[in-house]
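Please examine the sequence and the structure shown here before reading on.

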Amino acid sequence: KGKKVAVFGVPAPFTGVCTNAHYPPYKSLADDFKKKGVDAIICYSVACPYAHFNWAKGMGNDFDKISFLADVDADFAKEFKLDRDYSAVSLGLRAERFSMFVDDGIVKSFQEVKDASKDAEVLLGQVE
């Protein structure tokens, strides 16, 4: 309540696009999000919390700037119809790549992400 939050969802920790294209721009632009009044940046994934934490740690994440949220049972993904079956690439049930800006509990912008490398810039532009 009363917070501005940027959330980006990735299919899985330790995967190529998530590690090399989606997360790095958020890391680079974290201070810009803060300057625009964003209280929290959250990286979401359907994963175990231990994998999610160690992935973030391995990328040199500053946990004061970006938090990592693991959804073990895909409850959020299922509730919002973001759940996808990635069994064909050995990942099982995961979430679609997405991002959203939430202001005081209200989703102000939401998109399924097609170009992971541009997502942080797009979401930053949507922050009011």
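Is phenylalanine 63 buried, partly exposed or exposed? Its relative accessible area is 35%, so phenylalanine 63 is partly exposed; buried means under 20% relative accessible area, exposed means over 50%, and partly exposed lies in between, with a 1.4 Å probe and protein chains only. The model is predicted, so local features need pLDDT of at least 70 and side-chain atom pairs count only at pLDDT 80 or more, whereas totals for chains, interfaces and linings use all residues. Residues are numbered from 1 along each chain as its sequence is written, and side-chain values use heavy atoms, with hydrogens and water left out.

Phenylalanine 63 also takes part in an aromatic pair. Rings of Phe, Tyr and Trp (its six-membered ring) pair if their centres lie within 6.5 Å; planes under 30 degrees apart count as stacked, over 60 as edge-to-face and the rest as tilted. By this rule there are twelve aromatic pairs. In one of them, the ring centres of phenylalanine 53 and phenylalanine 63 are 5.4 Å apart and the planes stand at 25°, so the pair is stacked. Because phenylalanine 53 lies in helix 2 and phenylalanine 63 in the loop between helix 2 and strand 3, the pair ties together parts that are ten residues apart in sequence. Helices (H or I, at least four residues) and strands (E, at least two) are DSSP runs, numbered from the N terminus. With 41% relative accessibility, phenylalanine 53 counts as partly exposed. Both rings belong to one aromatic cluster, formed by Tyr23, Phe53, Trp55, Phe63 and Phe68.

Helix 1 deserves attention next. Its buried residues include Cys18, Ala21, Tyr23, Tyr26 and Phe33. Among the elements that cover the buried residues of helix 1 are strand 1 (4-9), strand 2 (40-45) and helix 4 (119-126). Helix 1 has a kink of about 55°, centred on leucine 29; the bend at a residue is the angle between axes fitted to the seven residues ending there and the seven starting there. Just after helix 1, glycine 37 takes a positive phi of about 90°.

The interior may be considered last. A nonpolar core is a set of buried Ala, Val, Leu, Ile, Met, Phe, Trp, Tyr and Cys residues joined through side-chain atoms within 4.5 Å. The largest such core has 22 residues, and Phe8, Tyr26, Phe33, Ile41, Ile66 and Phe68 touch the most other members. Helix 1 supplies the largest share of this core, six residues. A second, separate core of eleven residues includes Val5, Val46, Ala77 and Leu82.

Conventions. Contact means heavy atoms within 4.5 Å.
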